[in-house]
Amino acid sequence: MTEQSEPRLPAFDPAELRESNLTSYPAKYRAANQTRYYRRLGDHAGLKNFGVNLIRIIPGGQSCVPARPFAPGRIRLCARGRGRAGDQ
């Protein structure tokens with residue numbers, strides 16, 4: 001096991017970025033999806049061709065409208081977390 005080192009500049013702490021729960025979902029889906037808070041890491045890091053978001057979902061909330069297909073070129077990745085999915 002290697003010893004953990006301090007991040008090198010230009011590293012940043014995602015917790016310092018503004019968190020938002022704005023959504024463009026239609027009104028009938030909006031309330032359920034405002035339990036999802038995100039930080040736009042890609043914008044802060046200067047990424048231009050794709051986005052990276054850190055998303056926090058309040059217990060009982062949903063990440064997106066169920067059964068909505070992905071647009072071409074979109075990838076979902078859960079890097080770390082706890083919880084249950086798919087049993088509602």
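**Fold, salt-bridge network and nonpolar patch**

Of the 88 residues in the protein chain, 12% are buried (under 20% relative accessible area, with exposed meaning over 50% and partly exposed in between; 1.4 Å probe, protein chains only). The structure is a predicted model, in which local features need pLDDT of at least 70 and side-chain atom pairs count only at pLDDT 80 or more, while totals for chains, interfaces and linings use all residues. Residues are numbered from 1 along each chain as its sequence is written, and side-chain values use heavy atoms, with hydrogens and water left out.

The protein chain contains 2 helices and 2 strands, and from the N terminus on these follow the order α-β-α-β. Helices (H or I, at least four residues) and strands (E, at least two) are DSSP runs, numbered from the N terminus. Among contacts with a separation of 6 or more, 34% join residues 24 or more positions apart (a contact being heavy atoms within 4.5 Å). The accessible surface of the protein chain is about 8,400 Å², and carbon and sulfur atoms contribute 52% of this area (Shrake-Rupley method with a 1.4 Å probe; for residues, only the protein chains shown count as cover).

Turning to the charged side chains, the structure holds 2 salt bridges (a side-chain nitrogen of Lys or Arg within 4 Å of a carboxyl oxygen of Asp or Glu). In general, side chains of opposite charge can pair when their charged atoms come close. Arg39 and Glu19 form a salt bridge with an N to O distance of 3.5 Å. This pair links distant parts of the chain, with Arg39 in strand S1 (residues 36-40) and Glu19 in the segment before helix H1 (27-33), 20 residues apart. Arg39 counts as buried at 17% relative accessibility, whereas Glu19 is partly exposed at 27%.

Glu19 also meets Arg56 in a salt bridge, where the closest N and O atoms are 2.8 Å apart. Because Arg56 lies in strand S2 (residues 53-57) and Glu19 in the segment before H1, the pair ties together parts that are 37 residues apart in sequence. Arg56 itself is partly exposed, with 40% relative accessibility. The charged end of Arg56 also sits over the ring of Tyr37, 4.7 Å from the ring centre (the criterion being NZ of Lys or CZ of Arg within 6 Å of the ring centre and within 35 degrees of the ring normal).

On the nonpolar side, Leu47, Phe50 and Val52 make a surface patch of about 250 Å². Patches are made of residues with over 30% relative accessible area and no salt bridge, like charges being joined within 9 Å and nonpolar side chains (Val, Leu, Ile, Met, Phe, Trp, Tyr) within 5 Å. Leu47 is located in the loop between H2 and S2, and Val52 lies in the loop between helix H2 (41-45) and S2. Leu47 is partly exposed at 31% relative accessible area, and Val52 is partly exposed at 32%. Neighbours within four places in sequence aside, Leu47 is in contact with Gly42 and Val52.

Finally, Asn33 belongs to helix H1 and is buried, with a relative accessible area of 0%. The C-alpha atoms of Asn33 and Leu22 are 8.8 Å apart in space, and the two residues are 11 residues apart in sequence.
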